[in-house]
Amino acid sequence: MSAIDDYALLSDGHGSALVSKEGSIDWACLPRFDSPSVFGRILGDGAGHWRIAPSADFETERAYLDDTMVLRTTFRSGGGAVALTDTMPFERAEGEHRIGHRAPQAVVRSIEGIEGEVEMELELAPRPEYGLTTPTLVPVEGGVGSRGGPQAYVVSSPVPLHLEEGVARGSCTVRAGERLAFAIRVGSPWDGMGRPWGQEEIVRRLDETIDAWVAWSAEHEGYQGPYREIVQHSGRVLQALTYVPTGAVIAAPTTSLPETIGGSRNWDYRYCWVRDASLTLKALWVAACPDEAQQFFDFFVVAAGGHLHEGRELQVVYGIGGERDLAERELTHLDGFRGSRPVRVGNRAWEQFQLDIYGALLAAAHLLAERMGGFDDATGHFLCDLANIAAARWEEPDQGIWEVRGDPQHFLHSKLMCWVALDRAVRLAPMIGGERDVERWSEIRDRIRAAILERGWSDRAGAYTQAFGSDELDASALMMPIVGFLPADDSRMRATIHAVSSGLTDERGLVYRYKAADGLPGEEGVFGICTYWMVQCLAMLGEVDRAKELFETMTSFGNDVGLFSEEVDPGSGEALGNFPQAFTHIGLVNAAWVIAEAERGRSSRSDDQAKGQA
């Protein structure tokens, strides 16, 4: 089976697919990111795939077309070469270039002969409902239709297909200058599957999608600092992970890709986490996506607002349409990625109590307000409610940012984000109608600060630690200077940064979340987002060259098309966890921005020194 980072992402802003280096779509969820897969071989051999590749041995090169998320894979086999271009199409709206506009819920694949000739083969095995359904395939004019399960699929193929036991196979010789186009799209078994698209229509939809991505990228080129190309690419990845109808940014388009090969730390990440709000919003601003940032924030206001008015808590994670019930279950018929079981759908974190989410949303609101103005009355009331809950409950234990499944604790990061909630509420008070609460918010904010400074520090560890009274290091303490709680060069903060750098890293300097017991069996790799937090802290300390070196080391673990996993195996360097991971791309963007700010500061100081010496 392929490695996790052998895959490239396709997205139409509604659903997603992963394509391997061998030209096989081994994961596809249509019509939504969280829909049951129609191709799921990444989690089990019998769960479906769609492979187009040379029939003989071949070599592969691939890249996204410039300024797009349209994948081009070049196969060289024998004396010839062909290019396979893959995308999930969407229409181009007149006068605008919105990603995901009128997406037809399809995948299109185009083969073009480059030189010589190559014998190609196609194997299509749709397996809806995570592989539980083997549909009947029936020939139709211009392709194949499927029957069985809650959805129907219509396949467009210029190549005759042989049908047997739910699998369609075909072969063809592609010569230089020739082009063959294929497509699969979702239909309804009750309303008819629809007709297969013709060759011209598929090519037109492919070209329109390329044009729309290029136009979107041209309108989102605000960042001009160091590492500009990978920052802008990460902005496109975040857009590809955005459910366009609501603005929700999913954590990843996959479920149950393991944090350790063969292990059980396998979770469904196809949802939207509140804890990511402020960091995501910051990354969207850096990547020059103000409309997307506004829509992302509005998603939480709509999804969560009703909870607070009913006296309930803000939820940790929501479905991409604002759903609250994300009940977790296991798919026992699937063996998991390289035997990593269980395979889970849904995520039990929706039932957890986490205090950090209030600070994440209020920090996001503060960032949004600084750049776009104020809020309507309903949003203002919602933000005041968030601050009041943080003020009332900050002394309670919770599950924390890492969603431990053991006993609740007094996690430092949770207290820190309650401080953030009240600090930002005080600053936002005139915009959200909270003037009468400022004195109380300020007083509780200062109490939280005092508690963190006293109870969060461990003399034994020589650092701020995971939880009050603990000596265990935790990378989330690196957020203290990032959110403005302490300057990076505060003596204890500097000690914490260096303690994490020496005590929570692998030999490359990549950062673990923590090493303490967390109530789950097995181990995990080093974390991309935590490593980028370290980059930010080093840059804020003025250690810019060291920050850049670590940035480049972490960024080298992106795959050949610039996608990042959640974790990296500390021994082999193999990608681990759900893929691609939004949080890692968010960390990359924000770290690059902090490096840019630090370099500007260093340049200004050098200019001042030069003037002083003149």
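For sorting the residues that line a space, Ala, Val, Leu, Ile, Met, Phe, Trp, Tyr, Cys and Pro count as nonpolar, Asp, Glu, Lys and Arg as charged, and the others, Gly among them, as polar. The model looked at here is a predicted one, where local features need pLDDT of at least 70 and side-chain atom pairs count only at pLDDT 80 or more, while totals for chains, interfaces and linings use all residues. Residues are numbered from 1 along each chain as its sequence is written, and side-chain values use heavy atoms, with hydrogens and water left out.

Pockets come first. On a 1 Å grid over the protein atoms alone, a pocket is an open set of points with protein on both sides within 12 Å along at least five of seven lines, a cavity is a set where a 1.4 Å probe fits but cannot get out, and lining residues have an atom within 4 Å of a point. Points are joined across faces, edges and corners, and a volume is the space filled by probe spheres set on them. Helices (H or I, at least four residues) and strands (E, at least two) are DSSP runs, numbered from the N terminus.

The largest pocket holds about 510 Å³ of space. Its lining takes in 21 residues, with Lys 282, Leu 367, Arg 424, Ile 482 and Val 483 closest to the centre. Two or more lining residues come from each of H3, H5, H7, H9, helix H11 (528-540) and helix H13 (582-613), and H5 has the largest share, five residues. Sorted by class, this lining has 11 nonpolar, five polar and five charged residues.

The second largest pocket has about 310 Å³ of space. Of the 15 residues around it, Tyr 64, Glu 229, Ile 230, His 233 and Arg 236 lie nearest its centre. Strand E6 (59-64) and helix H2 (228-240) each supply at least two lining residues, and H2 gives the most, with six. By class, the lining of this second pocket splits into five nonpolar, four polar and six charged residues.

The largest cavity has a volume of about 290 Å³. It is lined by 23 residues, and Trp 267, Tyr 269, Trp 402, Glu 403 and Arg 513 are the closest to its centre. That lining is made up of 11 nonpolar, three polar and nine charged residues. The second largest cavity contains about 90 Å³, and among the residues lining it are Arg 275, Asp 356, His 413, Trp 533 and Phe 583. Helix H3 (277-286), helix H5 (356-372) and H7 each give two or more residues to the lining of this second cavity. Here the classes come to seven nonpolar, two polar and two charged residues.

On to what is packed inside. In soluble globular proteins, nonpolar side chains tend to be buried together. Buried means under 20% relative accessible area, exposed over 50%, and partly exposed in between (1.4 Å probe, protein chains only). A nonpolar core is a set of buried Ala, Val, Leu, Ile, Met, Phe, Trp, Tyr and Cys residues joined through side-chain atoms within 4.5 Å. The largest such core has 217 residues, and Trp 50, Phe 297, Leu 314 and Met 480 have the most contacts inside it. H7 is its top contributor, with 13 residues. Contact means heavy atoms within 4.5 Å. Not counting residues up to four places away in sequence, Trp 50 touches a list that includes Phe 39, Val 107, Arg 109, Leu 124 and Phe 182.

Helix H8 (residues 438-455) runs for 18 residues and spans 25 Å from first C-alpha to last, close to the 26 Å expected at 1.5 Å a residue; that expected span is 1.5 Å times one less than the number of residues. Its buried residues are Trp 441, Ser 442, Ile 444, Arg 445, Ile 448, Ala 451 and Ile 452. Among the elements covering them are helix H6 (377-393), helix H7 (412-432) and helix H9 (479-482).

Ile 99 sits in the loop between strand E8 (80-87) and strand E9 (106-115), and is buried because its relative accessible area is 3%. Ile 99 and Gln 239 are 140 residues apart in sequence but 7.8 Å apart in space, C-alpha to C-alpha. Ser 35 belongs to the loop between strand E3 (24-29) and strand E4 (37-39), and counts as buried at 10% relative accessibility. Leaving aside neighbours within four places in sequence, Ser 35 is in contact with Cys 29, Leu 30, Tyr 130 and Arg 270.
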